[in-house]
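Please keep the sequence and the structure in view while reading.

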Amino acid sequence: MPSGSAIRGSRVGAGPARPTERCEPAPRRPVSYWCANGHTVEILLAAEAEPPVTWDCPHCGQPAGQDVQNPPGRQRAEPYKSHLAYVKERRSEADAEAILAEALAELRQRRGRR
């Protein structure tokens with residue numbers, strides 16, 4: 001009994017059966033990076049590509065550099081800021097009081113109070 005597939009053993013989106021026979025991969029070279037926690041990261045880049053100065057360590061998320069003796073320092077962790085903290089950075093207390101008074105006056109006017 002035939003199945004619904006025209007080509008047996010294949011699926012939609014399948015690549016070539018033997019990609020190594022049909023194409024040759026671009027020349028690559030390994031580049032090593034080290035983070036401050038002592039992790040080693042080795043990535044493969046195209047032979048002619050300029051390697052980036054830093055690379056994020058997949059183990060700890062810290063920046064990693066190419067100098068094993070002198071890896072980049074840890075990133076300074078920014079504390080979480082709420083919306084209110086950002087507003088307080090932009091506005092003074094006097095500005096906040098004026099905006100609040102204006103908003104309350106508008107609200108009272110809409111409700112019919114004075």
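This is a predicted model: local features need pLDDT of at least 70, side-chain atom pairs count only at pLDDT 80 or more; totals for chains, interfaces and linings use all residues.

Two of the pairings can be described in detail. Strands β1 and β2 are joined in the antiparallel sense over 7 bridges, and V31 has I43 in β2 as its bridge partner. The hairpin of β1 and β2 has 4 residues between the strands, and in this hairpin G38 takes a positive phi near 90°. Strands β3 and β4 also run antiparallel and are joined by 3 bridges. Here W55 stands opposite A64 in β4.

## The nonpolar core

Which residues make up the largest nonpolar core? This core has 8 residues, namely V31, Y33, C35, V41, I43, L45, C57 and A64. The elements that contribute two or more residues to the core are β1 (28–35) and β2.

The surroundings of one core member, L45, can be listed. Leaving aside residues up to four places away in sequence, L45 touches P27, R28, R29, V31, P51 and P52. One of these, V31, is itself a member of the core.

## The aromatic pair

A search of the whole structure finds 1 aromatic pair. Y33 and W55 form this pair, with 6.1 Å from centre to centre and 25° between the planes, and the pair is stacked.

Are the two partners buried or exposed? Y33 counts as buried because its relative accessibility is 0%, and the limit for a buried residue is under 20%. W55 has a relative accessibility of 33%, and therefore counts as partly exposed.

## The loop between β3 and β4

Q62 lies in the loop that runs between β3 (54–56) and β4 (63–65). Why does Q62 count as buried? Its relative accessible area is 16%, so Q62 falls in the buried class, for which the area must be under 20%.

The contacts of Q62 can also be named. When residues up to four places away in sequence are not counted, Q62 touches N37, W55, D56, C57, R74 and Q75.

## The chain as a whole

The secondary structure of the protein chain comes to 3 helices and 4 strands. Along the sequence, these elements follow the pattern α-β-β-β-β-α-α.

Of the 114 residues in the protein chain, 10% are buried. The accessible surface of the chain comes to about 10,200 Å², and carbon and sulfur atoms account for 52% of this surface. Among the contacts with a separation of 6 or more, 24% are between residues 24 or more positions apart.

Conventions. Residues are numbered from 1 along each chain as its sequence is written. Side-chain values use heavy atoms; hydrogens and water are left out. Buried means under 20% relative accessible area, exposed over 50%, partly exposed in between (1.4 Å probe, protein chains only). Contact means heavy atoms within 4.5 Å. Two strands pair if DSSP finds at least two bridges between them. A nonpolar core is a set of buried Ala, Val, Leu, Ile, Met, Phe, Trp, Tyr and Cys residues joined through side-chain atoms within 4.5 Å. Rings of Phe, Tyr and Trp (its six-membered ring) pair if their centres lie within 6.5 Å; planes under 30 degrees apart count as stacked, over 60 as edge-to-face and the rest as tilted. Accessible areas come from the Shrake-Rupley method with a 1.4 Å probe; for residues, only the protein chains shown count as cover.
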